[in-house]
Amino acid sequence: MSGARLSALRPALQHAFAACRSSVAPRWLPTLWALLLGSAGTVLLCMGVPLWWLGASFLVGATLTVWHGYREPLAVAGEWLERERHLLGLRFQLSTLLLDLFYLSLLVWIASLMMYDVLDGGRPVSHDHTVHYVKAWQLHTQFLPRGRLHGWSHRWFAGYPVDYLYPIGTDLFVNVVHFLAFGALSFSSAYGIAFWLFHVLTGYSGYRFGRVVGGPHVGFITGFLMITDMSAFRFGGWAYTIEYGVWPQALSLTFALLAVSHIPAIYEERKLRHIGLFGLWMGIAIVTHPIELILLGLMLLVAPLAGMFCANSKTAAGTFRLLAAYALSTLVAAAWLLPFLDTKNQTTPMGVWWDASYEMGKGLLNLTAFPGTIGYVLVLGSLSAVVMLRSRRFVWMFTALMALLIPAISSSTFIDELHLTRVFKSFSNIQWLRMSTMAKPFWFAMTGYFVVAFVRRSRELVLWARKPGATQSGYLRDVVLGVIVSFLTLPIVVPAGEAFWTANVIKSVNTESDRALDPNRAALVRWLKTKLPHDGFYRVCVNTGHNHELMDIATELPMPIFKRGFTPAENFIYKVNLEDTAVMEAVNVRFMVTKKPMPGQDYEDVARFGIYRVYRFKHWNPQPFVITQGQGDVKVEHFGDDEIVLRAGPGSSGHLRLNVSYFPRWHAYKDGRRTALWTTALPAAPTMTGFMTVHLSPGVYRFAFEPSRLDRIALPLSLLGLLLSLAFLIVDRFPGGLSLLVRGMQAVSSRLEALSSPRFARLRISVLALVALGTLVVLIGLAQWRVPLALENLNGAVVRHVRFDFLEELRSATVNVEYAAQNRRCHRVDDRFVCRNDEGNLDNEKYVGSTPAEIEEYRMVRCIRARPEDDAVLSIYYPVVTSGDAIVGYYGVERAGRLMRLTRPVDFKVLVDGKTSYEGATTSDNKMHWFKAKVGGPRRTVNVMFTVSARNISKRFFCFYAQMADLDEVQKAGGKHVGGTSTEEEDDEAQ
């Protein structure tokens with residue numbers, strides 16, 4: 001450095017030195033103590049266990065010494081940082097800005113540390129990731145280049161509608177990341193970077209929401225808990241979102257939280273920018289996952305409710321602005337939402353219950369209500385809810401009510417006892433268990449709020465106040481006390497933090513680089529890319545069940561893939577996934593990749609690569625069609641995603657079944673004129689196949705996939721929504737150009753705000769009373785409704801009248817467990833019975849009660865929980881039952897007890913007046929066993945007993961449902977149509 005520069009800097013250095021000396025000199029003693037404690041602490045800290053305990057406590061003492069000794073300069077610096085500043089028309093405080101940047105940087109660092117494996121563009125490949133990657137890749141290669149978001153693809157199943165039935169947001173998110181990389185990333189790497197950005201966004205959205213609830217400290221705790229939540233299957237968190245790769249809903253939640261963060265401002269301010277931001281973020285959230293529609297419904301209930309209980313709240317005006325934001329978000333989401341709503345009847349029902357209220361309560365007691373989530377969230381969140389509900393402040397009331405309402409309304413008890421699945425059929429298609437992911441951000445925010453509030457207000461919690469005239473002791477006592485407390489607590493607190501860090505932060509993601517270590521898979525992929533023939537139409541069957549590690553080979557092979565077993569991220573009703581020979585032939589399978597041996601009469605072993613085997617299917621049909629009930633010469637002239645053209649020669653007759661699944665956008669034309677098109681189901685898969693079929697005669701057949709008018713206007717409507725969102729964003733700063741919009745919103749808001757004035761108090765009370773009364777009447781009516789059971793597999797019997805519902809009247813029963821030595825009576829607690837073990841002690845895990853269940857996968861049913869006991873017989877006795885024609889119902893093993901191929905039967909008996917009227921046993925899991933126990937005779941009062949027992953009770957989660965009913969015995973018709981389709985052996989009719 002030149003002498004001139006040194007001369008210029010010398011005055012500044014001298015001034016800084018003088019300022020430092022003037023600050024330190026009067027405080028030389030605490031400074032000296034701080035240096036001594038800090039030096040000693042550093043030395044001891046490096047000496048390991050147990051001296052690091054003392055060293056760490058010395059460092060705490062040094063920090064406290066500096067804090068006490070330099071309190072005045074620190075206060076002056078704090079005032080300077082909190083001074084309001086202006087930049088480019090924005091007002092801000094430097095202290096808040098720096099704290100925001102610090103917390104956000106910390107969250108980004110933690111999220112990046114957890115995602116270290118994908119920071120270099122490594123693509124996650126565990127579980128569902130391969131499926132999401134293929135979907136995003138297909139959008140990138142086949143649809144976006146043509147300016148389309150929707151369409152048809154033959155690459156999966158027997159063809160499927162792309163982005164009609166499953167949200168498109170995640171695929172677009174990956175494509176946006178790839179586009180913004182401007183060629184620097186391969187598409188595979190873009191997926192990995194997008195996944196990392198998603199995890200960062202999770203922390204950011206939690207921070208934004210928590211900051212609205214309680215400031216930056218609460219925001220950091222909320223964001224930290226969101227990204228480090230381990231959770232469990234279907235409960236979000238690392239286990240489900242990252243490892244299983246079910247991240248569209250979690251990505252949707254990040255956008256939804258950004259929208260929710262603006263609800264308090266929508267209610268408390270008149271600025272229109274909050275409406276625009278809500279509409280933008282929530283619209284993107286809906287496009288990413290439709291579960292946000294449920295969140296919208298709940299918020300529309302909670303927000304006005306919170307406003308009504310808050311002082312000085314203009315509830316009517318705030319609700320109007322919120323509805324405007326809802327309309328805007330719906331418009332933004334129109335590109336996917338409208339086509340989805342128009343075709344949602346083509347989705348496969350995949351409903352899943354959340355826990356019953358009893359299980360939720362037990363989970364709250366055991367701190368496992370959110371499995372895998374740290375239990376302190378439930379404890380501190382519950383305490384925080386009490387404080388927030390007493391606050392009468394909108395943002396806190398809203399947060400607490402949402403945290404309580406989501407689990408309450410989503411519990412299987414609430415839905416089942418009010419028979420909501422019978423009132424709203426769509427309720428049976430919702431995986432209610434996933435609503436836990438919607439509730440947890442509110443619980444995380446409440447946890448952060450309580451922690452921050454407790455620390456800030458801890459002095460006010462002291463039971464005994466200071467004595468009058470007492471003076472504050474010197475800082476020496478505080479320092480010594482801090483050292484002692486640190487010495488006693490840090491040896492436990494630090495290892496606890498280390499345990500949390502290693503379990504919740506230092507994670508690993510299975511990426512392509514890990515998979516590259518498997519030479520067998522690599523050899524398999526090379527063989528498929530080089531050895532598969534290119535003649536004829538065929539599909540390659542990937543027969544790996546619920547494992548999806550081979551799904552991404554669809555991006556490397558020119559021929560389509562047929563996945564045997566469950567395939568996530570697609571809900572198409574005709575997502576056929578069986579391996580029956582008839583199915584393989586119908587979908588033109590030529591080769592199969594599997595890990596198990598296949599029967600020699602149907603498959604020829606072609607190649608083996610470790611655990612992977614390649615078979616040739618001996619019954620391959622090289623034509624993508626079949627002529628049924630006739631004959632003819634048919635040739636393929638064109639086979640594309642949007643158009644298929646076939647030519648039928650002279651003499652052709654019968655029915656032509658195209659081996660492509662039907663969807664409402666497909667239309668058939670013969671020689672240019674519209675012709676009848678219907679679906680044909682295979683007898684081997686009557687509920688999951690629906691191939692397009694037409695009458696066959698000579699001529700040219702054209703099958704065209706034609707987007708509807710609604711499909712065509714959906715994207716322009718979304719673009720309009722985006723423009724309106726932008727208008728709402730800028731209207732507060734530039735009202736001149738949008739004066740009509742501003743005046744209109746303000747006029748309506750002003751009139752609605754008047755409804756909150758004292759002169760309309762009676763009107764408000766009257767309306768609220770009517771709404772409350774109407775709600776009460778509806779709830780009582782639904783609760784008392786006795787829904788007749790829709791019988792199946794009982795020779796067409798129909799319930800004409802329900803005489804007695806054994807689930808609804810469970811409280812009138814008595815329950816006993818008869819052990820070899822003694823009969824133990826179960827203790828009744830309201831409508832539930834807690835049973836005793838063989839030692840006579842009550843066991844909360846052994847109970848009989850109403851517990852909605854899944855006996856068959858993705859089928860939500862009512863049930864009485866009656867699990868067999870070891871070496872005992874469980875009996876449920878009803879002493880007074882009005883008789884009917886028969887006792888009808890079903891029984892089976894709940895999904896959680898499924899044993900796949902193992903068979904462990906559970907014996908079930910029905911006794912009427914002591915005589916066995918029905919006796920049966922479970923024959924397999926994942927099956928509804930229907931029964932009918934005849935009663936008959938004159939109308940009378942009978943006693944009924946159900947008994948349950950099993951030789952091996954391991955995972956025998958048995959339940960049943962029964963009604964005493966009068967029946968109409970209607971012989972089941974042997975019709976030819978099943979669920980709107982026809983089977984292949986019968987005459988096909990045009991629909």
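Helices (H or I, at least four residues) and strands (E, at least two) are DSSP runs, numbered from the N terminus. The model is predicted: local features need pLDDT of at least 70, side-chain atom pairs count only at pLDDT 80 or more, and totals for chains, interfaces and linings use all residues. Residues are numbered from 1 along each chain as its sequence is written, and side-chain values use heavy atoms, with hydrogens and water left out.

View 1. Trp33 sits in helix H2 (residues 28–45). Its relative accessibility is 45%, so Trp33 counts as partly exposed (buried is under 20% relative accessible area, exposed over 50%, partly exposed in between; 1.4 Å probe, protein chains only). Trp28, Leu29, Leu32, Trp33 and Leu36 make a nonpolar surface patch of about 540 Å².

View 2. Helix H7 (residues 169–180) has 12 residues and should span 16 Å at 1.5 Å a residue; its end C-alpha atoms are 16 Å apart, which agrees. The expected span is 1.5 Å times one less than the number of residues. Buried residues of H7 include Phe173, Val174 and Val177. The buried residues of H7 pack against helices H6 (129–143), H8 (187–214), H11 (248–260) and H13 (273–288). Just after H7, Phe182 has a positive phi of about 50°.

**View 3. The Lys135–Asp171 salt bridge.** Lys135 and Asp171 form a salt bridge, with the closest N and O atoms 2.7 Å apart (a side-chain nitrogen of Lys or Arg within 4 Å of a carboxyl oxygen of Asp or Glu). Lys135 lies in helix H6 and Asp171 in helix H7, so the pair ties together parts 36 residues apart in sequence. Lys135 is buried at 5% relative accessibility. Asp171 is buried too, at 2%.

**View 4. The Arg665–Asp342 salt bridge.** The side chains of Arg665 and Asp342 meet at 2.7 Å, N to O. Arg665 is in the loop between strands S13 (653–661) and S14 (666–670), and Asp342 is in helix H16 (residues 334–343), so the pair ties together parts 323 residues apart in sequence. Arg665 is buried at 5% relative accessibility, whereas Asp342 is partly exposed at 39%.

**View 5. Asn510 in its loop.** Asn510 lies in the loop between helices H23 (475–504) and H24 (512–515). Its relative accessible area is 34%, partly exposed. Asn510 and Gly122 are 388 residues apart in sequence, yet 9.0 Å apart in space, C-alpha to C-alpha.

Key. Patch = residues over 30% accessible without salt bridge, like charges linked within 9 Å, V, L, I, M, F, W, Y side chains within 5 Å. Areas by Shrake-Rupley, 256 points an atom, 1.4 Å probe, with all protein chains shown as cover. Contact = heavy atoms within 4.5 Å.
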